Amino acid sequence: MAFNITAVKTSSNGAWQGDNPLNFAFPLLIIQTALIIAVSRSLAILFKPLRQPKVIAEIVGGILLGPSALGRNTEYMDRIFPTWSMPILESVASIGLLFFLFLVGLELDLSSIRRSGKRAFGIAVAGITLPFLGGVGVAFAIRNTLYTAVDRPGYAEFLVFMGVALSITAFPVLARILAELKLLTTQIGETAMAAAAFNDVAAWILLALAVALAGNGEGGGEKKSPLVSLWVLLSGVGFVAFMLVVIRPGMKWVAKRGSPENDVVRESYVCLTLAGVMVSGFATDLIGIHSIFGAFVFGLTIPKDGEFGQRLIERIEDFVSGLLLPLYFATSGLKTDVAKIRGAVSWGMLGLVVVTACVGKIVGTFAVAVMVKVPAREALTLGFLMNTKGLVELIVLNIGKEKKVLNDETFAILVLMALFTTFITTPTVMAIYKPARSTHRKLKDLSASEDSTKEELRILACLHGPANVSSLISVIESIRTTKMLQLKLFVMHLMELTERSSSIIMVQKARKNGFPFVQRYRHGECHSNVIGGFQAYRQLGRVAVRPITAVSPLHTMHEDICHMAETKRVTMIILPFHKRWNVDHGQDHHRHQDGGDGNVPENVGHGWRLVNQRVLKNAPCSVAVLVDRGLGSIEAQSSRVDESNVVERVCVIFFGGPDDREALELAGRMAEHPAVKVTVIRFLVRETLSSNAVTLRPAPSKCKEKNYAFLTTNVDPEKEKELDEGALEEFKSKWKEMVEYKEKEPNNIIEETLSIGQSQDFDLIVVGRGRLPSAEVAALAERQAEHPELGPIGDVLASSINHIIPSILVVQQHNKAHVEEMTVSKIVNESSLNINGDTNV
């Protein structure tokens, strides 16, 4: 049934009155949108194990819904995607595209491009020039082969469109791929992102040139006066100059006035900015350049270093990227008819285009990277990373088709090329790039070194947000000694990377000197409220502080943490526990004995608990988990640093084993601090337990979350006892004048441990995780665990029902020999020892 687009009504009267909703614009748009979202999201789930960017699923979804697959059924196409409905669908999708390009401009920090240096610029130039020249060569072959004399476009616009299509690197897609592959914090990530940013700017300039040359697409560019293209280009240059010279200062004023007060962004400034996107788009469309160019340039004018841009994106990003943008890329797939590629010549052209695009980009990037002394493996990896197409490529192709520069067959060939080059990026980079692993360290390594006074203690402290700052500063300050040993602190702000592309703006916000995201302090400013306390702490001149931002999905966050620990050669990682007790900082937190508000924990989510568990399992150094119950405050820390009469009371509970020895080593460093009072309480083995071993057996798989994990390695109990005694003797000989040492032989270690935790005698209790437990700790294996990753003693002290007052620091020593853990449950008492399968302690 044929429809006149001017006669189509917006909404129907309903099925009860005889109307078919699919014959009306708005109901049909709802069905099309729902279908596209459902298919693209389903494909995204299927492609997730391959770590493919979401744009791949959206384009493939459009191809499946379009004439290449389901669209072969003409009844389906006439009913769901009729010809009259496509302008409406594309108009809605184009609004999403307009705002998406605004977000891309907002993400692109021109100052970071200027700072990235000649290396990235050289790589970008080579990565554009060689494939562009290759594209020009391919354009001659395609124009003479796949076009008839009637529909053949002008040489100039076709050559430029083909060159741009083959030379583009998609900055937004590359940023997400690098984040997924854990390469953002590497030198190769810094170079790739800077080069892609150069490439992006060049691509938009070339695209503006191509659009100006193409005109309106009627009859090709040859029938149009060359002066028209010149006027379009000059007007475009004038528009960019006006935006950067006049509008940019104005947007700085708007961003300053619109910055959040009490976490609220002024609505009027948000509306003004969104209107500016539309007006800028209209201005470039009026000039004769595509409207998206105006939105992109307007995005460049928004300040990158304030809260306004980020809050603005949070307002619009979900709706744009989650709903409207998939429509745009799906419409690209709907326009792609693979059946148009017919015959050996057409398929040969597809192969030629793919080979030219890949070889030009990879070889050009590789050659220049090697010339600037990048290792060959990294240079090849850079080549494949720069070969990423995706989003921007599809925009260029759609504009080319809209301007009638690309016919259906050429459009299909280039869409498949973009899909292929983007699809191979992740698996190829994973296969090629293998970053070197560094040495593994623990606290004892520093003490055992020949010249320990000149060694530098490096600590990686992780935090979720401002709530973790005061407690982490308190722990770090207690570890900081007054001796020659220097302390370097890396503060890693952990931020979850979601599917929202505005997560990438967090990367831009965190980056002040290119990747890796090691922030620098400039002009005494603090660039993040999370790092504010650490800046004040750093300015005291006692500790070198380097803030870092990790932006990653939760299921791979541990890789970022472990990688940073390796590259920065840290000795200990400090992790925040996934629960935090909302108690008042200062002295009042000792009063919460009755449960009250002090024992209602704030849970940041199970995903963060899994991050801690994976770090504990894979860390290349020792790890400590901090269970915060209001340890210190920023004000208290400032006074504590300068006033020796302020004392932090620390208790170390020692049972034995490598983890407890590492906790004891940490206590020795705390004992050096004049404002920290350390008490060591050693629990002795009772006579009845010393003659019997506790036999442990692997727990059923379904119970692993409720049982403790011990190391599956054969140990000599006599040697372990000898190591324990040696560590204690060394500790007492070094610190006997500065610490209080007690020994206890309890009848019930849980009751004795709880009595320490429920007293008001300490601010912080330090315990080992106990993965090679003593007999009395192993006897707790039958106890149902609430937090098994903390070990038996740490779990007892971290429980929310035991009314514990002090904060808890659970320490795990790194040892390359102790790699495998097994969840266990207690069986009986025997008198043998074999930790493998059945486990006797």
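Predicted model: local features only at pLDDT ≥ 70, side-chain atom pairs only at ≥ 80, totals over all residues.

Reader: In what order do the strands of the open sheet run, and what is the pairing?

Author: The open sheet has 10 strands. Their order is E3-E2-E1-E4-E7-E14-E13-E8-E9-E12. The pairing is mixed.

Reader: Which strands are the edge strands?

Author: An edge strand pairs on one side only. That holds for strand E3 (544-552) and strand E12 (739-744).

Reader: By how many degrees are neighbouring strands of this sheet turned against each other on average?

Author: Take each strand with its neighbour in the sheet, and ignore direction. The average turn is 20 degrees.

Reader: How many bridges join E2 to E3?

Author: Strand E2 covers residues 486-496 and runs parallel to E3. Methionine 492 stands opposite isoleucine 548 in E3. Leucine 494 stands opposite alanine 550, also in E3. The number of bridges joining E2 to E3 is nine.

Reader: Which strands does H30 touch as it packs on the sheet, and what angle does it make with E13?

Author: H30 touches strand E7 (622-627), strand E8 (648-654), strand E13 (764-768) and strand E14 (807-812). Against the direction of E13, the direction of H30 makes about 155 degrees.

Reader: Why is helix H30 described as largely enclosed?

Author: Helix H30 spans residues 791-798. Its buried residues include Gly791, Ile793, Asp795 and Leu797.

Reader: Is histidine 787 buried or exposed?

Author: Histidine 787 sits in the loop between helix H29 (775-778) and H30. Leaving out residues up to four places away in sequence, histidine 787 touches Phe577, His578, Lys579, Arg609, Asp795 and Ala798. Buried means under 20% relative accessible area. Histidine 787 has 1%, so it is buried.

Reader: Which helix gives the largest share of the nonpolar patch?

Author: Leu130, Val355, Val359 and Val363 make this surface patch, of about 310 Å². Leucine 130 belongs to helix H6 (residues 117-145). The largest share is three residues, and it comes from helix H14 (residues 343-371).

Reader: What is the relative accessible area of leucine 130?

Author: Partly exposed lies between the buried limit of 20% and the exposed limit of 50%. Leucine 130 is partly exposed, with a value of 37%.

Methods:
Residues numbered from 1 in each chain as written. Heavy atoms only, no water. Buried < 20%, exposed > 50% of the residue type's maximum accessible area, 1.4 Å probe, protein only. Helix = DSSP H or I, 4+ residues; strand = E, 2+ residues; numbered from the N terminus. Contact = heavy atoms within 4.5 Å. Patch = residues over 30% accessible without salt bridge, like charges linked within 9 Å, V, L, I, M, F, W, Y side chains within 5 Å. Areas by Shrake-Rupley, 256 points an atom, 1.4 Å probe, with all protein chains shown as cover. Salt bridge = Lys/Arg side-chain N within 4 Å of Asp/Glu carboxyl O. Pairing = 2+ DSSP bridges. Axes fitted to C-alpha atoms, helices over the stretch in contact; angles between N-to-C directions.
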